[in-house]
Amino acid sequence: MNDINTTSEVRHTIEGQNGEWEIIIGLEIHAQVTSESKLFSGSSASFGGAPMSHVSLVDAAMPGMLPVINKHCVRQAVKTGLGLNAKINSYSVFDRKNYFYPDLPQGYQISQFKYPIIGEGEVKVSLKDGEDIIVRIERLHLEQDAGKSFHDIDPENSYIDLNRSGVALMEIVTMPDLRSAEEAKSFVTKLRTILRYLETCDGNMEEGSLRADINVSVRRPGDNLGTRCEIKNVNSIRFIGMAIEYEARRQVNEIENGREIIQETRLFDVSTGETRSMRSKEEAHDYRYFPDPDLLPLNLEDDFIKEIINELPELPDHKKERLVRTYGLNSYDADILVSDKNYAEYFESVANGRDPKISVNWITGELFSALNKLNLDIHDSPVSSEQLGELIDLISDGTLSGRLAKDVFEIMLETKKNPKVIVEEKNLSQITDESSIEKIVDKIMESNIDKVAEAREKPKLIGWFVGQVMKESQGKANPATVNNLVKKKIGI
Amino acid sequence: MIDLVSSDLVSIRNSLQNKEFTAIELLNEYIDRIAKSSKLNLFNTTNFENALKAAQESDQKIIRGEARSLEGIPIGVKDLFCTAGIKTTASSKILENFVPAYESTITQKLKDQGMILLGKLSNDEFAMGSSNETSSFGPAVSPWKGDSSDKELVPGGSSGGSSGAVAASLCPLATATDTGGSIRQPAAFTGTVGLKPTYGRCSRWGIVAFASSLDQAGPITKTIADSAMALKYMAGYDEKDSTSADIDVEDYEQAVGQSIKGMTVGVPKEYEELDLEDDIKKNWQDAINWYKLEGAEIVSVSLPHSKYALPAYYIIAPAEASSNLARYDGVKYGTRMTGDNLDDLYKNTRGLGFGPEVKRRILIGTYVLSAGYYDAYYLKAQKVRRLIHSDFVEAFKKVDVIITPTTPTTAFGIGENLSDPLKMYSNDILTVPVNLAGLPAISIPSGLDSQGLPMGIQLIANHFNEGKLFQFGTVVEKSRSSITNQSEWWLE
């Protein structure tokens with residue numbers, strides 16, 4: 001493997017006892033294919049359900065049972081490949097990966113070894129500092145998930161649930177192009193966004209729909225690649241970062257203390273934040289891969305691929321570019337909006353015929369902090385995009401001041417009512433009529449003659465008058481008009 | 001009293017439909033005869049109670065004029081076909097008490113035509129063997145004995161229960177499977193007709209797998225007309241088997257007895273060099289002459305790579321078997337021997353559950369798939385397989401069928417070859433190339449050797465040309481001398 005990135009510029013280092021170290025990271029992501037049924041059987045692939053409730057004869061590996069490929073899963077893999085700008089292999093082969101474990105009923109996992117369905121691709125990742133990196137994808141292949149073992153229910157026995165057995169996974173393998181925990185986290189976040197746009201994986205890490213095996217090695221900047229360790233099955237983006245940081249530090253300490261890194265598989269322990277050895281290379285399985293004779297090679301017709309190309313949604317990179325171009329958004333705002341296609345969709349609905357900057361500010365400001373507080377997805381937002389749009393209209397036409405609008409927004413969150421209705425019901429519309437405001441200003445001044453004189457000396461007191469007027473008007477007076485009138489009356 | 005010995009599938013169907021006897025009467029005759037034939041040890045399980053109920057229903061259907069094509073005809077089924085609610089053991093201790101909840105596609109198709117299951121027939125354990133001596137439940141015994149010899153002979157294998165039962169007139173049709181000769185060799189040893197259809201012609205769904213890329217189900221019958229009739233109802237596309245062929249099923253019965261005048265018969269010149277018994281060589285020559293007399297052209301063909309077929313087969317078949325048999329681990333179903341830990345559970349279960357021949361093949365298969373050996377063995381064997389296939393493709397450009405003996409010898413004595421696996425494996429030398437090439441072939445009784453034991457002629461046709469096998473097969477059937485088994489020594 002001759003990779004440009006591993007020999008190119010050093011982007012990130014960590015400090016050892018005696019100099020800098022570079023971390024080299026490659027990821028193998030296991031993404032559960034969004035599909036009603038499993039990869040080779042008709043049983044339900046949905047999460048949850050009573051143990052053993054989604055298990056067919058094929059999933060339980062009963063004698064004489066045969067796998068039949070689920071075409072939808074193939075379609076999903078191709079779609080994902082297209083989303084990763086990757087080569088779609090019209091010929092691919094399912095292989096058996098042989099090993100014994102009780103939650104692997106067949107005694108082998110059907111996977112793709114030599115001829116994966118998807119070849120090389122790449123993903124652009126925007127880092128927090130605004131820089132973009134390209135992460136190359138080595139391959140994507142389809143494989144079956146295993147069942148789940150429970151060793152903690154009973155002191156004597158282990159229990160097995162085969163609901164997951166046979167569920168379709170995409171294993172997405174990157175080149176060793178990542179250089180820090182941050183980069184790895186940003187990559188997985190971006191990958192998850194792409195998968196969600198494509199609707200090929202729901203990306204729910206807490207349900208196990210997305211897991212990562214992390215290959216980590218360290219080297220002196222410019223050196224050859226060091227020996228790597230593989231951290232298995234990390235199931236949150238935060239843990240991915242923690243595992244990399246711990247593991248890189250561990251390897252640096254080992255080397256700096258004169259020890260060698262042993263190629264091995266390690267586990268990340270969530271409770272300690274440490275990685276520990278699971279098995280060494282010598283103990284590694286010989287999986288005896290060979291083509292599964294129960295399945296014919298997969299031949300994808302051009303028309304099948306074309307059909308999928310035509311169904312592709314707009315992907316985050318394109319959407320960002322379009323949002324910037326069409327709405328004049330800055331890169332930062334655009335990144336936030338495209339990080340979830342529902343955000344972008346919400347935004348475009350709000351910004352339709354309205355000021356994009358005001359729209360994005362309301363969404364990323366008031367709306368997001370409210371959703372965050374309520375712990376709700378934008379899907380379940382109590383304020384619809386139409387309602388937010390209407391609110392922004394009321395600001396633009398002067399009916400509401402910014403402050404009033406925020407009050408109305410709070411009421412919208414609680415009542416789900418349209419802003420116009422709230423304004424009417426609560427009589428909240430802004431007073432813009434100058435003579436009405438003047439009356440209030442006069443009233444305040446009359447009852448505070450002493451302060452009027454004082455204000456001429458200390459113009460700061462103008463704010464106090466404005467505040468009193470606003471209060472008297474129950475916040476409805478147009479603040480700019482109030483300000484002007486107060487200044488005029490005091491004579492500044 | 002129905003004369004079962006002189007009855008065959010076609011005559012029984014006609015008699016039932018013409019109401020010459022009832023299904024119950026027929027069934028009772030078979031039950032009596034099976035009960036008197038326990039010396040042969042051909043049945044692993046009998047199904048008499050269910051069969052009696054089914055026969056009553058068949059009789060009612062016949063009376064009401066609702067008879068299906070094979071209404072009321074009793075059948076024997078190799079114990080490799082899963083039968084719902086009836087023990088299916090593969091003649092292995094590891095499945096000693098396994099009762100499937102599902103019915104194999106083939107047996108379901110036959111049931112749907114009104115056939116009645118008499119019982120499950122013995123076979124070599126997991127179909128691994130050429131003598132039916134590796135069954136965990138003791139060897140099956142051939143109904144044949146040599147002239148003036150009291151030696152008990154093997155009925156061939158792995159479908160020895162099926163061949164023995166048809167030869168002993170314990171059923172007019174038995175289902176069987178053929179991975180390297182397991183239908184044709186037992187048929188040749190017992191004077192019955194054994195058909196191995198084209199790979200993909202009959203569904204493998206619900207048949208305990210031995211070597212998935214080679215396994216193919218077919219019928220063992222007394223006559224070619226019976227074979228054609230049986231295949232018509234066994235063949236067909238099955239969406240549950242990805243390797244099954246979506247090709248229309250011909251009217252095979254119509255092919256039986258058609259003239260072969262002006263057609264061509266190929267004789268593979270390399271097979272003349274093989275170590276064949278003199279009687280068999282002579283019989284082969286006789287058969288070639290019968291074709292000449294019928295007006296066929298005899299053409300010499302070359303199958304230069306067939307000499308590598310046996311070693312290639314004994315790599316590919318065990319490789320697939322080692323993986324196919326991994327599911328028998330004591331965890332989900334079948335025999336379980338407990339242990340102190342998981343490894344012990346596996347070792348004890350598989351150590352006790354599998355017999356020596358199965359273990360030998362699992363070891364060979366595991367070895368040839370292992371890292372470092374895969375290319376030298378498995379991959380090379382696959383290349384050989386492709387060359388053998390192309391040899392046949394070339395040959396079938398010139399000829400309609402190829403003629404060879406089915407076996408190099410006639411039936412041997414029980415125990416004679418068991419301790420010499422290589423000698424046992426060499427029994428398959430004429431049948432194995434056909435499986436590697438996925439072709440259809442039939443073994444037809446072609447006379448008795450000097451000891452009075454049946455010999456078989458093998459006809460091989462191009463893919464999905466089973467019709468030609470029946471067409472050409474008739475010539476051997478009508479030209480040979482009588483092969484009636486005079487003595488019924490085993491009847492009690």
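Predicted model: local features only at pLDDT ≥ 70, side-chain atom pairs only at ≥ 80, totals over all residues.
In what order do the 11 strands of the open sheet in chain B sit? Reading across, I got β1-β3-β2-β4-β6-β5-β10-β11-β9-β7-β8, and the pairing is mixed.

I looked for the ends next. β1 (43-46) and β8 (297-301) of chain B are the edge strands, and each pairs on one side only. I also checked how the strands are turned: neighbours in this sheet sit at 30 degrees to each other on average, ignoring direction.

**Chain B, one pair up close.** I picked β10 (residues 441-448) and β11 (residues 454-461) of chain B. They run antiparallel and are joined by seven bridges. I followed B:P445 across and landed on its bridge partner in β11(B), B:G456.

**Chain B, a helix on the sheet.** Helix α3 (residues 48-63) of chain B packs on the sheet and touches β1, β2 (74-78) and β3 (116-121). Its direction makes about 155 degrees with that of β3(B).

**Chain A, another sheet.** Here I found three strands in an open sheet, ordered β5-β4-β15, with antiparallel pairing. β5 (108-111) and β15 (290-291) of chain A each have a single partner strand, so one side of each has no neighbour in the sheet. β4 (residues 95-98) and β15 of chain A pair over two bridges, and A:D95 has A:P291 as its bridge partner.

**Chain A, two helices.** Last stop: α7 (residues 331-338) and α8 (residues 341-351) of chain A pack at about 115 degrees, axes 6 Å apart. I saw A:I336, A:L337 and A:V338 meet A:Y343, A:A344 and A:F347. The contact residues count as six nonpolar, no polar and no charged.

Terms used: Residues numbered from 1 in each chain as written. Chains lettered and ligands numbered in written order. Pairing = 2+ DSSP bridges. Helix = DSSP H or I, 4+ residues; strand = E, 2+ residues; numbered from the N terminus. Axes fitted to C-alpha atoms, helices over the stretch in contact; angles between N-to-C directions. Contact = placed C-beta atoms within 7 Å. Nonpolar A, V, L, I, M, F, W, Y, C, P; charged D, E, K, R; others polar.
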